[in-house]
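This report is meant for someone meeting the structure for the first time. Please look over the sequence and the model before reading on.

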Amino acid sequence: MIDLHMHSHFSDGSHSPTQLVQEARSLGLTAVALTDHDTIDGVPEFMEAGSRLGVTTVPGVEISVDTKLPNNGHMHMLGLFIDPGSRKLKSTLDYLREQRNRRAEKIIRKLNRLGVPVTLEELLEEAGEGSIGRPHVAKILVRKGVVTSIQEAFDVYLAKGKPAYMDKVKLNEVDAIRMIHEAGGLAILAHPHLMNYPTFRETRERILQLREIGLDGFEIYYSTMPAAFSRELIRLARELGCAASGGSDYHGANKDNIRMGSGLGDLAVPDEVYDRLKAFWEARTAERPAVGK
Ligand code: AMP
Ligand code: FE
Ligand code: FE
Ligand code: ZN
């Protein structure tokens with residue numbers, strides 16, 4: 001089995017890239033991808049651990065896309081097989097992370113105004129070298145006893161519509177896909193069910209639109225994806241002849257109900273998903289060499 005969606009402490013996961021590869025190896029996974037939010041800083045360590053421990057490792061990233069979706073839906077774009085040496089990718093990600101820092105300051109100000117004592121220094125320390133996100137804020141609130149769980153921190157303060165919520169600066173879908181392509185990667189729509197369209201027909205329409213601007217494929221397996229939805233996506237990928245991927249979205253202890261490889265328990269992404277994806281990427285690379293290095 002494989003797992004092509006996971007986070008390290010370079011974003012909001014709890015494990016180091018090396019620990020992720022060690023865990024993959026002990027679970028007998030044959031291929032794993034590191035897909036941290038807005039950063040590829042963990043990729044070199046991840047690749048090195050992969051070759052040392054004999055696990056196939058895929059360099060990746062996960063980008064939040066600014067777009068309109070129903071019912072608080074969200075769109076995330078995975079870049080898989082990206083070149084971590086791409087300067088264009090690095091500078092865009094640096095910009096996004098700088099914007100995350102600004103947003104973090106605003107979240108702190110909002111919390112302070114609500115009488116919650118958190119400082120920017122504490123937050124920077126919590127995030128370490130990682131890309132700062134709301135989960136880091138949530139962890140501090142739990143530690144300080146302001147709330148009793150990460151979930152409560154979101155429900156009371158940090159979720160969209162709650163008093164300390166702040167939007168983050170995001171790329172639009174054209175720019176997200178272009179950036180991934182310029183770095184030589186495949187643009188894969190993450191967890192399509194979380195776009196929250198009420199019907200599969202609308203999900204399909206949206207995917208067709210994204211295909212027109214260069215989307216290479218989408219995740220067909222994911223921890224919380226309903227089985228029927230997954231079957232529809234498998235059929236759609238076959239129909240369109242596009243790439244298909246799958247993974248748990250493992251965050252280690254920071255999302256403790258999701259396990260690497262097996263998700264909520266019944267996830268199982270077959271090895272052939274990796275083989276097909278890799279072949280798809282190789283064919284793409286041959287016809288569309290990476291530019292802008
Ligand atoms: P950020 O990138 O700072 O917007 O944080 C996004 C992360 O926060 C996601 O990857 C989730 O892990 C977590 N998250 C977002 N919304 C919620 C929510 N309503 N409840 C729990 N966790 C959430
Ligand atoms: Fe996350
Ligand atoms: Fe995501
Ligand atoms: Zn993710």
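Are Glu 62 and His 76 buried or exposed? In this model, which is predicted, Glu 62 is buried, and His 76 is buried as well.

Glu 62 in strand β3 (residues 56–65) and His 76 in strand β4 (residues 75–80) are 14 residues apart, and the pair links distant parts of the chain.

## The surroundings of His 136

His 136 belongs to helix α5 (residues 134–143), and it is buried because its relative accessible area is 5%, where buried means under 20%. A polar atom of the His 136 side chain lies 3.2 Å from the backbone oxygen of Ser 11. Leaving aside residues up to four places away in sequence, His 136 touches Ser 11, Asp 12, Leu 123, Glu 126, Ala 127 and Ser 131.

## The ligand 1 site

Among the residues around ligand 1 are Asp 12, His 37, Arg 100, Gly 133 and Phe 154. An oxygen atom of ligand 1 is 2.9 Å from an N or O atom in the side chain of Arg 103, while for the side chain of Lys 168 the corresponding distance from an oxygen atom of the ligand is 2.7 Å. Taken alone, ligand 1 exposes 500 Å², of which the protein buries 75%.

Terms used
Residues numbered from 1 in each chain as written. Chains lettered and ligands numbered in written order. Predicted model: local features only at pLDDT ≥ 70, side-chain atom pairs only at ≥ 80, totals over all residues. Heavy atoms only, no water. Helix = DSSP H or I, 4+ residues; strand = E, 2+ residues; numbered from the N terminus. Buried < 20%, exposed > 50% of the residue type's maximum accessible area, 1.4 Å probe, protein only. Polar contact = N/O pair within 3.5 Å; in protein donor to acceptor, adjacent residues only side chain to side chain. Contact = heavy atoms within 4.5 Å. Near = heavy atom within 4 Å. Areas by Shrake-Rupley, 256 points an atom, 1.4 Å probe, with all protein chains shown as cover.
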